[in-house]
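Subject: Structure handover

Hi,

Here is the structure I promised to pass on. Please open it next to this email and follow along.

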Amino acid sequence: MDGLDDRPASVAEVGNSKRSGSPKYNERAKTPRLDPKLGSPLLLLSPEEGGFRLYKPDEDKFYETKSDFSGYRFLASSGKWFLVVDSRWDLYIIDVFSDERISLPPLESTQGGLYMVEREGSNDFKVTLIGGSLKDDKNGDFVVVWQFEQGQFLGFCKKGDLHYRDIPIRVDVRREFRGLQDVVLKGYNLYILVNRSFIRHIDLSGQDGFKNVSETPRFPISVSAFGRDLGISEIKKVISFSDSIAVTTSGDVLLVFTTAFESLGERSRIFHVYKRDPEKELKGNICGTSLVEVESIGDEALFFDFGITVPADHTLGIEPNCIYFTRNDRFGHKDGSIPCLVDICVYNIATRTFKRFPSLSNLKLKDAMWFLPS
C-alpha cells in the first residue's frame, strides 16, 4: 500500500479455485510427511488456492506440513522456525515440522522508545505490518525484528521479553543513517541499508536495548544505474527490480541487484553482486562510491530470502557460488506499484545460468520461501 492506511491489508484468503498443478503436486496427500535432513534446502510454498506445502528439490517431491497453517502469513524463517502473523495481526514463531508454537508480545506492547503503537478495534492499525526477520540458536534463544509499512521505527524482542522495543529509523538518528531500504538479521547483528545507501549496523545482544556499532561511513554501498550493465541488449520491458543487501559468513556486506525483464517475448532475470573495493576506497569522502562487481562468492551460497550466505555443502544439496531466490521484496514490499513475481530459481553467479524446477512451473503461487531446517 502507498502511505498510511486505517486498516491493514487482509491476510490472504483461502480460495476455492481448482488445483492446476502437476500430477506430483495434486497427489501430494498420498505423500508421507517430510522427515527433514538438517541443513538441506527446502521450499515452503503458498498456493493461491490456500494452505501451505513443502517441496524438496533433490527428491522433486511435495510434502504435507504437520499442521494446517491456513490463516497465517509467513514473514521470515530461521532453521525450521518461521515468524508468522495471523488474521488478528498477532505474531508467533512456529515449527513447521511439529505443533510447537511460541506466542510473541502484542504489537501494541511496544514501549521504551520514541513511539507508541495503538490497536484500533480487534485487528486494525494505522499502518500495515509487512515484513520481519527471525533468528534463533541451538540454545532456544531468539530475536525477532519487524516493521510497519511506512513506519518510523523497527520493533524487536528477544526470548523472555514481554514487550517490544523500538529502533528509530528517521528521528534521533544521524543523517547518514536515516531511513530504510532493506534489513538483514544475522545472529544478534542487524544490518540496515538506509535511504542514502549507507550501512547501519546495530548490535541486539545486550540486555539494555540495542547498541549502534556502525562504522563511520566513508562511502555509500550503491552503484549508479549508469554503471550497471545488464548484459542484455534486447530488453523491452523491466518488470521488477531491487537493491538488497546480504551478509557473508565473515560479516562482509554485499549489494545484490536483480532485475526481472522481458526480452524477445520471454521473461528472464539477471543478478549483479557487488562488494566494497578496499584498494579504491575514497577516504574522507562520504559521497564517493567504490564498489566492484564480484564474479564469485567462493564456496558459499547466498539465500536471498534471509539475506545471508552459508557454506556450500554438496552432501546437503547446497550449491557453491549460487543465489537461491524466490522474490525480490521479502522485507518491505519496496514498491507497491510494481507487482511482485514469485520466481523460484538457483542462479550460478560465475556462469550466469539458472536452475529451475519443472514441477513448480504450473503452480499458481502467491508466495514461496527457501529455508534450511536445523
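How many nonpolar, polar and charged residues does the lining of the largest cavity have? Keep that in mind while you look around. One caution: this is a predicted model.

**The chain as a whole**

The protein chain has 1 helix and 25 strands. Of its 374 residues, 53% are buried. Residues 24 or more positions apart make 54% of them. The accessible surface is about 17,900 Å². Carbon and sulfur atoms hold 47% of that surface.

**The cavity**

Back to the question. The lining of the largest cavity counts 5 nonpolar, 1 polar and 3 charged residues. Those residues are F271, H272, V273, E293, V294, E295, Y347, I349 and R352. Strand β18 (residues 266–276) contributes the most, with 3 residues. The space inside is about 40 Å³. The structure has 1 cavity of 30 Å³ or more. How is such a space found? Rolling a probe the size of a water molecule over the atoms shows where empty space is left.

**A pocket**

Next, go to the second largest pocket. Its space comes to about 820 Å³. The lining has 44 residues. Nearest the centre of this pocket are S78, G79, K135, F306 and I308. Several strands each give at least two residues to the lining: β4 (73–78), β8 (129–136), β12 (182–186), β16 (235–247) and β21 (308–311). By class, the lining of the second largest pocket splits into 21 nonpolar, 11 polar and 12 charged residues.

In soluble globular proteins, nonpolar side chains tend to be buried together. Here, the largest nonpolar core has 33 residues. Which of them touch the most other members? They are L45, F303, I344, L360 and W370. The elements giving two or more residues to this core are β1 (42–47), β13 (189–193), β16, β17 (253–263), β20 (300–303), β21, β22 and β25 (365–371).

Zoom in on F303. Leaving out residues up to four places away in sequence, F303 touches P41, I308, V310, I318, Y324, W370 and L372. Two of these names have come up already: I308 is among the residues nearest the centre of the second largest pocket, and W370 is one of the core members with the most touches.

There is also a second, separate core of 20 residues. Its members include W81, L83, I93 and W146.

**Two residues with positive phi**

W89 is not a glycine, yet its phi is positive, about 65°. Look for W89 in the loop between β5 (81–85) and β6 (91–95). Is W89 buried or exposed? W89 has 4% relative accessibility, so it counts as buried.

N321 is the other case. Its phi is near 55°, again positive in a residue other than glycine. N321 sits in the loop between β21 and β22 (322–325). N321 is buried too, because its relative accessible area is 8%, and the cut-off for buried is under 20%.

**One last stop**

Find S263 in strand β17. S263 counts as buried, because its relative accessibility is 13%. Then find K237. S263 and K237 are 26 residues apart along the chain. Their C-alpha atoms are separated by 7.3 Å.

That is the tour. Over to you.

Best wishes

Conventions: Residues are numbered from 1 along each chain as its sequence is written. This is a predicted model: local features need pLDDT of at least 70, side-chain atom pairs count only at pLDDT 80 or more; totals for chains, interfaces and linings use all residues. Side-chain values use heavy atoms; hydrogens and water are left out. Helices (H or I, at least four residues) and strands (E, at least two) are DSSP runs, numbered from the N terminus. Buried means under 20% relative accessible area, exposed over 50%, partly exposed in between (1.4 Å probe, protein chains only). Contact means heavy atoms within 4.5 Å. Accessible areas come from the Shrake-Rupley method with a 1.4 Å probe; for residues, only the protein chains shown count as cover. On a 1 Å grid over the protein atoms alone, a cavity is a set of points where a 1.4 Å probe fits but cannot get out, and a pocket is an open set with protein on both sides within 12 Å along at least five of seven lines; lining residues have an atom within 4 Å of a point. Grid points are joined across faces, edges and corners, and a volume is the space filled by probe spheres set on the points. Ala, Val, Leu, Ile, Met, Phe, Trp, Tyr, Cys and Pro count as nonpolar, Asp, Glu, Lys and Arg as charged, and the others, Gly among them, as polar. A nonpolar core is a set of buried Ala, Val, Leu, Ile, Met, Phe, Trp, Tyr and Cys residues joined through side-chain atoms within 4.5 Å.
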